[in-house]
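Here is a short briefing for a reader new to this structure. Please look through the sequence and the model first.

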Amino acid sequence: MSTSPAAPVSCSCCGEPLADERRVDVRFGLPDVALGLPEEARRSPGPDALLALEGAGFFVRCLLPVRLSGDTELVLGVWLEVDEETFRRAAAVWGDEAAYPELVVRGWLANKVKPWGAEVLGAEMTGRVSDPGESPYLVEGYGPAAVRLLGEVWDRDRVLGRFPVPLPVAVRADLGDGWSVERSAGLSVRYVDGVDRFTGPDRSVDFTFFQDDRGGGRSAEDFLAVLLDGTPGVPAARQHTERLPDGGVRHAFRGTPGDTGRTRHELTGYVVEADGSTARLFCTYGQPEQHAWALHVWRSLRREAAARELSPR
């Protein structure tokens, strides 16, 4: 977890603050098919959870629970394509305190849910109301993909790391080529000008990668010296150097608005592996107390020999 308090995180479904870190809510705004249609093709009989698309079908918003490792549940606000009769029945009872709890909807998943994508698009499922204040929960699947999605316990980081929206929990994010890092709670993900970037209201993290093209014969410390050549001098108290067990090295240094001329605090950190594979991290943050957070993220940056495949726990 982050060593400093995370920025408040709101539910992407309703905007309310998320207090329970064991449940993560993510919302799909529209059925996938609607993304290619003009807005005027959309019709709703009233509730935001019901949508008819001219020439493209009828849809009911449902909640898809996915069990994750670490005693975490991912609840996805997805769309279920249903037949017209089911759609009209849902419209008739939605909001009716007596009739709504008895609603049952059966249809086909209308979103390419990450990280399974096309594998689950069109999967047949049944939804039932378990809480009158919520959309129906998808509780039964038909076919191998749907049964597996609902029944397995999935690796938390490998699943949540695929969602770019701010999350209420920290996750280990895959940066490619075996590199990974802890993405702090409250940070979203963007890919800007070829650089991975985590951003939040009060802090950001960028990553770039290098490879020592000189081949063997140069140590990690020597390559680090090349990378640091020309860097303005930083007092020793603002530098951190740590050796890695395999012969690599970590190095980080921080700057303040007083000595950089910029408005935010900064931490630049390197991780140089023994084979010359190198990652550079650049953190910016508003308050000096967040320096501990930046150091924590830098120390979480590492490279593994091989990335794990997406699979149940």
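**Confidence**
- Residues 1-19 have a pLDDT below 50. This stretch still has 41 contacts in the model beyond near neighbours in sequence.
- Where pLDDT is low, the predicted coordinates should not be read in detail.

**Nonpolar cores**
- The largest nonpolar core has 39 residues. Leu64, Val66, Leu74, Leu76 and Val113 touch the most other members.
- Elements that each supply at least two residues of this core include β4, β5 (72-82), α1 (84-93) and α2.
- Leu76 touches Leu64, Val66 and Val113, among others. Its contacts also include Val26, Phe28 and Phe163.
- A second, separate core has 22 residues. Among them are Val181, Leu187, Val205 and Phe207.

**Helix α2**
- Helix α2 spans residues 144-151. Ala146, Leu149 and Leu150 are buried there.
- Seen down the axis of α2, the buried residues fall within an arc of 90°, so they line one face of the helix.
- The cover over these buried residues includes β4 (57-68), β7 (124-128), β8 (137-142) and β9 (153-154).

**Serine 277**
- Serine 277 lies in strand β18, residues 277-285.
- Serine 277 has a relative accessible area of 1%, so it counts as buried, the cut-off being under 20%.
- Its side chain makes a polar contact of 3.4 Å with the side chain of arginine 303.
- Residues that serine 277 touches include Asp177, Trp179, Phe210 and Val272.

Key. Residues are numbered from 1 along each chain as its sequence is written. This is a predicted model: local features need pLDDT of at least 70, side-chain atom pairs count only at pLDDT 80 or more; totals for chains, interfaces and linings use all residues. Side-chain values use heavy atoms; hydrogens and water are left out. Buried means under 20% relative accessible area, exposed over 50%, partly exposed in between (1.4 Å probe, protein chains only). Helices (H or I, at least four residues) and strands (E, at least two) are DSSP runs, numbered from the N terminus. The arc is that of the directions from the helix axis to the C-beta atoms. Contact means heavy atoms within 4.5 Å. pLDDT is the predictor's confidence in each residue, from 0 to 100. A polar contact is a pair of N or O atoms within 3.5 Å; within protein, one must be able to donate a hydrogen and the other to accept it, and residues adjacent in sequence count only if both atoms are side-chain atoms. A nonpolar core is a set of buried Ala, Val, Leu, Ile, Met, Phe, Trp, Tyr and Cys residues joined through side-chain atoms within 4.5 Å. Lists of a residue's contacts leave out its neighbours within four places in sequence.
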